[in-house]
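Thanks for coming. I will take one structure and walk through a few of its parts. Please have a look at it before I start.

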Amino acid sequence: MDSCDRKFLKIDSESKRDELTLISRIAEQDQSALSLLYDRYAKVIYTIAYKILNSSEESEEIVLDVFTQVWRIAKNYNFQKGRVDTWLFMLTRSRALDRLRSHARFDKAVAASEDVLKIHSHTDSPEEDVLLQERSSYIKTCLAELPQEQRLVLELAYFSGLSHSEIAAKTGISLGTVKTRIRLGLKKLREAIGDEWFNF
């Protein structure tokens, strides 16, 4: 082993001890320690998340999710089960894969909820017309409470009938961001409206 190898091992060993100290401090709710760990790993975690999700917006959210989780569960970290960086990367992968599974569910929701979001002009029944008008009014009220960027893509998708690609071209937003905003908007809309209109 040459001097370069010994120097590297020394630095790596010191880095491991430093990170264990940071985790211990975070477990005691030391925000400065969390900031130091964030500065050290945020870019790497973002890169891992992006490789899985292919979305800048969602990858940024994963970074925040991971460090929020670290803040909550640092006291449970067991150094004997793995290095700090390995632990962080496992948390990242788990969060990102959860997002992918969530996407699959919400893709079904998008397809199943089109009838809910489309405004029908009339039916053969006056009673149904009234119900549809009430539903439309309520949905519009819920839409108005969404963040503007989510409301815009939902309105373009369901009221204007544009595809995701057409929305991206019309707004100049990337296709991945359009899909993400639609998913997030639908999630919030579902929470506001209730499961009975989102059976999927």
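Let me begin with a pair of helices: H2 passes H3 in a right-handed crossing. By right-handed I mean that the near helix is turned clockwise from the far one by less than a right angle, and left-handed would be anticlockwise. Helices here are DSSP runs of H or I with at least four residues, strands are runs of E with at least two, and both are numbered from the N terminus.

Before going further, a word on where this comes from. This is a predicted model, in which local features need pLDDT of at least 70 and side-chain atom pairs count only at pLDDT 80 or more, while totals for chains, interfaces and linings use all residues. Residues are numbered from 1 along each chain as its sequence is written, and side-chain values use heavy atoms, with hydrogens and water left out.

Back to the pair. The axes of H2 and H3 cross at roughly 140 degrees and come within 8 Å. That makes H2 oblique to H3. Axes are lines fitted to C-alpha atoms, for helices over the stretch in contact, and the angles run from 0 to 180 degrees between N-to-C directions. Under 35 degrees counts as roughly parallel, over 145 as roughly antiparallel, 65 to 115 as roughly perpendicular, and the rest as oblique.

Which residues meet there? On the H2 side they include Leu 34, Leu 37, Tyr 41 and Ile 45, and on the H3 side they include Ile 62, Val 63, Val 66 and Phe 67. Contact means heavy atoms within 4.5 Å. Leu 37, Tyr 41 and Ile 45 are also among the buried residues of H2, and Ile 62, Val 66 and Phe 67 are among those of H3. Buried means under 20% relative accessible area, exposed over 50%, and partly exposed in between, with a 1.4 Å probe and protein chains only.

An α-helix has 3.6 residues a turn, so residues three or four places apart point the same way.

Now the shape of each helix. H2, residues 31-53, has 23 residues, but its end C-alpha atoms are only 29 Å apart, short of the 33 Å that a straight helix would reach at 1.5 Å a residue. The expected span is 1.5 Å times one less than the number of residues. Where does H2 bend? At Tyr 41, by about 50 degrees, taken as the angle between axes fitted to the seven residues ending there and the seven starting there. H3, by contrast, has 18 residues and reaches 26 Å, close to the 26 Å expected.

Next, the loops on either side of H2. Gln 29 lies in the loop between H1 and H2, with a positive phi near 65 degrees in a residue other than glycine. Gln 29 is partly exposed, at a relative accessible area of 44%. Asn 54 sits in the loop between H2 and H3, and phi there is near 55 degrees, again positive and not in a glycine. Asn 54 is exposed, at 54%.

One more pair, further along. H7 (148-159) and H8 (164-171) pack at an angle of about 125 degrees, with their axes 10 Å apart, and are therefore oblique to each other. Their crossing is right-handed.

Last, the whole protein. It has nine helices and zero strands. Of its 200 residues, 33% count as buried.
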